Amino acid sequence: MWYHKPAINEELLQSLPNLKVVASSGVGIDHLDLKLLSSYGVKVSNTPFIVSTDTADLGIALMLASSRRVVEGHEMAVSPDTEYFPADWLGFEVSGATLGIVGMGTVGYKVAERAKAFEMKILYHNRNQRKKEEETAIGAVYCKKIDDLLQQSDFVLLAVNLTPQTCKLIGKRELELMKPTATLINISRGLVVDQDALVEALQNKVIRAAALDVTYPEPLPRDHPLLKLKNVIITPHIGSATKKTRWVMMEEMAESIEAGLAGLPIPREVL
């Protein structure tokens, strides 16, 4: 499966009585009904670890691009109407700012490792607190309540899996808790954010900006209001999109398929 296609539903499973393995690219499995697949004796694999480094890199890239207004700056620099660069055209500091990471799994932790190099204060909210030595290594402080993280952070970065518990985790209430100077960065799944609430928050300056690698749907309808806002950067779900990583993802998927066909333990099996 690539980009959640084809849809693995009952109709497809009934038409493929010899199906043994579904190898899905990436980390997320929100598009798969694991109970349904298991009832047909079908095993599932994904590629969770190889994507984490590139996705963390993109999270930092989005933070920098948004705070330093890179996209707007490029448009100004190449515009045929530009006669001079205004001296009062300013961005916002990253170094020394507070980064709140929601979801401190493999991706979230790698983001924190990179943010440490910017001398950022790092807060995180997770289902479970990390080990003390892991926190110390990146200088991270655990927030048991997400509200505490939202209220203190200059940048809020989402790196959670999409589950029933995280669907629209960030809505109107959560956005209003954030600083009016804060930026929301989403490298997880579009449905983790209530997009209507986000549009309203950006239009009314409840928060300063958003940088999104994911939306719902993907791509957005061409008349969607998010596409018209100057304080939004959107990339086309490219967290893992480097040549090396995509190659290794394909290799891992092939390994899982070969193991399943041979009746061997499946590497990276989703249980």
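Biologist: Which residues does UniProt list for "domain: D-isomer specific 2-hydroxyacid dehydrogenase NAD-binding", and how should I read such a listing?

Modeller: A UniProt annotation is given here in the numbering of this chain, its feature name is shortened, and it may be inferred rather than shown by experiment. In this case the unreviewed entry lists residues 60–239, a span that is 32% helix and 16% strand, with its end C-alpha atoms 11 Å apart. The UniProt record also gives, again from an unreviewed entry, "domain: D-isomer specific 2-hydroxyacid dehydrogenase catalytic" for residues 2–270; that span is 36% helix and 13% strand, and its end C-alpha atoms lie 16 Å apart. The model is a predicted one, in which local features need pLDDT of at least 70 and side-chain atom pairs count only at pLDDT 80 or more, while totals for chains, interfaces and linings use all residues. Residues are numbered from 1 along each chain as its sequence is written, and side-chain values use heavy atoms, with hydrogens and water left out.

Biologist: How many helices and strands does the protein chain have, and what is its radius of gyration?

Modeller: Helices (H or I, at least four residues) and strands (E, at least two) are DSSP runs numbered from the N terminus, and the protein chain has 10 helices and 10 strands. Its radius of gyration, taken over C-alpha atoms, is 20 Å, close to the 18 Å that the globule rule (2.2 Å times the number of residues to the power 0.38) gives for 271 residues, so the chain is as compact as a globular protein of that length. Along the principal axes, the C-alpha atoms fill a box of roughly 65 × 50 × 35 Å. Of the 271 residues, 45% count as buried (under 20% relative accessible area, with exposed over 50% and partly exposed in between, for a 1.4 Å probe and protein chains only).

Biologist: Which classes of residue make up the lining of the second largest pocket?

Modeller: There are nine nonpolar, two polar and six charged residues in that lining, where Ala, Val, Leu, Ile, Met, Phe, Trp, Tyr, Cys and Pro count as nonpolar, Asp, Glu, Lys and Arg as charged, and the others, Gly among them, as polar.

Biologist: How many aromatic pairs are there, and how is each described?

Modeller: A pair of aromatic rings is described by the distance of the centres and the angle of the planes. Rings of Phe, Tyr and Trp (its six-membered ring) pair if their centres lie within 6.5 Å, with planes under 30 degrees apart counted as stacked, over 60 as edge-to-face and the rest as tilted; the count comes to two pairs. Trp 2 and Tyr 3 have ring centres 6.3 Å apart and planes at 80 degrees, so they are edge-to-face; Trp 2 is partly exposed at 24% relative accessibility, and Tyr 3 is partly exposed at 47%. Tyr 124 and Tyr 142 have ring centres 5.2 Å apart and planes at 50 degrees, so that pair is tilted. Their pair links distant parts of the chain, with Tyr 124 in strand 4 (residues 121–125) and Tyr 142 in strand 5 (residues 140–142), 18 residues apart. Tyr 124 is buried, with a relative accessible area of 1%.

Biologist: Where is Pro 217 found, and what kind of peptide bond joins Tyr 216 and Pro 217?

Modeller: Pro 217 sits in the loop between strand 8 (209–212) and strand 9, and the bond that joins Tyr 216 to Pro 217 is cis, with omega about -5 degrees. A cis peptide bond, with omega about -5 degrees, also joins Glu 218 and Pro 219, and Pro 219 is found in the loop between strand 8 and strand 9.
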